[in-house]
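Me: Can you walk me through this one? I've never looked at it before.

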Amino acid sequence: MKEFEYTIKDELGLHARPAGLLVKQAATYQSKLTIEKVGGKSADLKRLFGVMGLAVKCGETVKVTAEGEDEAAAAEALEEFFKANF
Amino acid sequence: MEQIKGVAASKGISIGSVLLYQTGDPKVSKKQTNDVLGEIARFEAAVQTAVATLGELHERALQTVGEKEAAVFEIHQMMLEDLDFLEGVKDCITSESCNAEYAVQQAGGQLAEMFAGMDDEYMRERASDVRDVSARVVRVLCGCDGNPLEGVKGQVIVAAEDLMPSETIQMDTSKVLAFVTRLGSKISHSAILARTMGIPAVVGLREGFDTLKAGQEIIVDGFNGDVYLGPDEKTLAHFKNERDLYLEKKRVLRSLIGKRAVSLDGKEIEINANIGHPADIALCEENDAGGIGLFRSEFLYMESQDFPSEDFQFESYRDILQKMAGKRVIVRTLDLGADKHAPYFKLPHEDNPAMGYRAIRICLRQPDIFITQLRALHRASVFGKLAIMFPMITSLKEVLEIKKVVALVKCQLDEEHIPYSKEIEYGIMIETPAAVMATDLLAREVDFFSIGTNDLTQYTLACDRMNASLSELYDPRNLSVLRMIALTVRNAHKAGIWAGICGESAGDLELTGLYLKLGVDELSVSPASVLEVRNKVLHTDSREVDDSMLNLYTV
């Protein structure tokens, strides 16, 4: 299992369009991917409404967990995605 | 006559008759089915069609309103392809043996409610996106997915519960004078689109919306968020006049796009825009700014949780320069302190922050922060026309220290074989009386001056600009402040460099004539003021400008 934490810097939080792209990218991996708002709910990273439903705001931290064959690649690519978009 | 109040969402005034526009889902009733698989197949086909239509709308919006506003249709596509939505609908069809239309409405409604219940304004607005996509699928299912405003004849004011993004974009603006809605806020998609397309709009009328009747004559005042129902002669005449004045002014200003700002006696002045966020670049383009005269780099610091990295800054500067496509961008280095803070800087509490540890003082004492920013700026410089400006200068010594740091940064980049432009201009803000009094010496060391009249007024008049009780004393048109400007421009020209003004009073139309007379080379104003200032310059003869205010003996 691989995981990383990231604190959202975008003022709108995990907003719709990049969240959509994030979900699209997540869907390209075999691994089970979970996003958890630290101290809050968690959701399947491959589901847009689930991810948006977490209502992650600017300044809040999320933990992303990858579990499966390509977990290392998935975690690495997703962390990059967070850095570049949120 | 009745008056109802909402939120002013898009500027302008319109007078016309109301078209009550029924939005949302067509009437859907629950029907039992024996063919669950058939309903699922119908649903899947409808989703395909809806996704394809959204693709077309996205293309169309890209061309008419730009990438940022068009993104909503991409989001809608993603929502339609989301497993939560797809499974929600299929589960409903299966478990209730019902028709697809009903299942879409149920599943979409549940998701919309989830968003509507969030405690975040941005996310609450997404409920209308979910309703929009569900309604789209339902319309496809029942074969009524044509353009919803197609039948509209003549010019009308569209009154709707809440206009969905796809509806606003499809509006034929030649038929629609304005729109008013019961729901929505300044940041809902419809409001943003209305502004981009230049149609007046008042949103969020709430219960006041119920008083609107089809065919009734109303006035929509998009400046103040007012709607007048069945206006009397006097009100009507007033607003017709207001509307015509606004349209005429807008027409005149739009006609100045692409023109240079040259006065009647042939003096040209560069008119640029002040901005504080990359998102504002669109406003610069829309208002035809000559370039960016002040790009406040604080957003990079204030939107971060920690010091922004060199790469992160580099990418931001590069994007800005590329978007401005060769037009000059003057980036002001870090100007934190005083009223602007980022917690991770851990700035000590000060009794008098306006005169405290801020701006260039931080940069020179904490060179790591400064060097990171300068490296990022230099690396980005090859992507456009960059100028770098240093704030809060009070002495020649500071300028010489800055130049040493710049030389060090260039030296580092040379060693690392990283390219940077050799054409970068380096300038300083003239915003303290100390700097003004040394402009003859400072001018020999830099490429340009930009006068920051906000702080210059505050420091010259020893008057805190945040103190509301002193607002009468805080006067950028004060004789001493104007003399400071005059001296600065004179000394700049003696040394052969240019001088501009980037404070609020750069946009003061009462002073435009004086600036021309003094020979100010550049004015940097808020994007929305660019064309107004250009208009003023075009109608001014600087030989006729009265500059007695520089010598006026008044009390």
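Me: Which residues does B:F345 touch, if I don't count residues up to four places away in sequence?
Reply: B:F345 touches B:Y301, B:F307, B:L334, B:L336, B:I362 and B:I369, with residues up to four places away in sequence left out. Contact means heavy atoms within 4.5 Å.

Me: Before I go on, how should I read these names and values?
Reply: Residues are numbered from 1 along each chain as its sequence is written, while chains are lettered from A and ligands numbered from 1 in the order in which they are written. This is a predicted model, where local features need pLDDT of at least 70, side-chain atom pairs count only at pLDDT 80 or more, and totals for chains, interfaces and linings use all residues; side-chain values use heavy atoms, leaving out hydrogens and water.

Me: OK, which residues of the largest nonpolar core touch the most other members?
Reply: They are B:I292, B:F345, B:L374, B:F390, B:I428 and B:F449, in a core of 84 residues. A nonpolar core is a set of buried Ala, Val, Leu, Ile, Met, Phe, Trp, Tyr and Cys residues joined through side-chain atoms within 4.5 Å. Buried means under 20% relative accessible area, exposed over 50%, and partly exposed in between (1.4 Å probe, protein chains only).

Me: And which helix gives that core its largest share?
Reply: Helix α13 (residues 367-380) of chain B, with seven residues. There is also a second, separate core of 71 residues, which includes A:Y6, A:Y29, A:L33 and B:A127.

Me: How many helices and strands does chain B have?
Reply: Chain B has 20 helices and 16 strands. Helices (H or I, at least four residues) and strands (E, at least two) are DSSP runs, numbered from the N terminus. Of the 555 residues in chain B, 53% are buried.

Me: What about chain A, in what order do its elements run?
Reply: From the N terminus on, β-α-β-β-α-β-α. That comes to three helices and four strands. Chain A has 86 residues, and 49% of them are buried.

Me: How much area do the two chains bury between them?
Reply: About 2100 Å², with 66% of it on carbon and sulfur atoms. Buried area is the accessible area (1.4 Å probe) that two parts lose on being put together, summed over both. B:M78, B:Y122 and B:Q305 supply 26% of what chain B buries against chain A, more than any other three residues. The contact takes 24 residues from chain B and 23 from chain A.

Me: Switching to helices: which residues of α8(B) are buried?
Reply: B:T235, B:L236, B:F239, B:Y246 and B:L253. Down the axis of α8(B), these buried residues fall within an arc of 130°, so they line one face of the helix. The arc is that of the directions from the helix axis to the C-beta atoms. They pack against β3 (13-21), β7 (217-221), β8 (226-229) and α20 (530-538) of chain B.

Me: What sits on the face turned away from the buried side?
Reply: The exposed residues B:E233, B:K234, B:L245 and B:R251 of α8(B).

Me: How far does α8(B) reach from its first C-alpha to its last?
Reply: Helix α8 (residues 233-254) has 22 residues and reaches 31 Å, close to the 32 Å expected at 1.5 Å a residue. The expected span is 1.5 Å times one less than the number of residues.

Me: Now α3(B), what caps its N-terminal end?
Reply: B:D82, which has a side-chain oxygen 3.0 Å from the backbone nitrogen of B:D84. Just after α3(B), B:S97 takes a positive phi of about 45°.

Me: Which residues of α3(B) are buried?
Reply: B:F85, B:L86, B:V89, B:C92 and B:I93. Viewed down the axis of α3(B), they fall within an arc of 135°, so they line one face of the helix.

Me: Last one: where does B:H277 lie?
Reply: B:H277 is in the loop between β9 (270-275) and α9 (281-286) of chain B. B:H277 is partly exposed, with a relative accessible area of 23%.

Me: And which residues does B:H277 touch, not counting residues up to four places away in sequence?
Reply: A:E11, B:F295, B:F299 and B:E303. The C-alpha atoms of B:H277 and B:E298 are separated by 8.8 Å, and these two residues are 21 residues apart along the chain.

Methods
A polar contact is a pair of N or O atoms within 3.5 Å; within protein, one must be able to donate a hydrogen and the other to accept it, and residues adjacent in sequence count only if both atoms are side-chain atoms.
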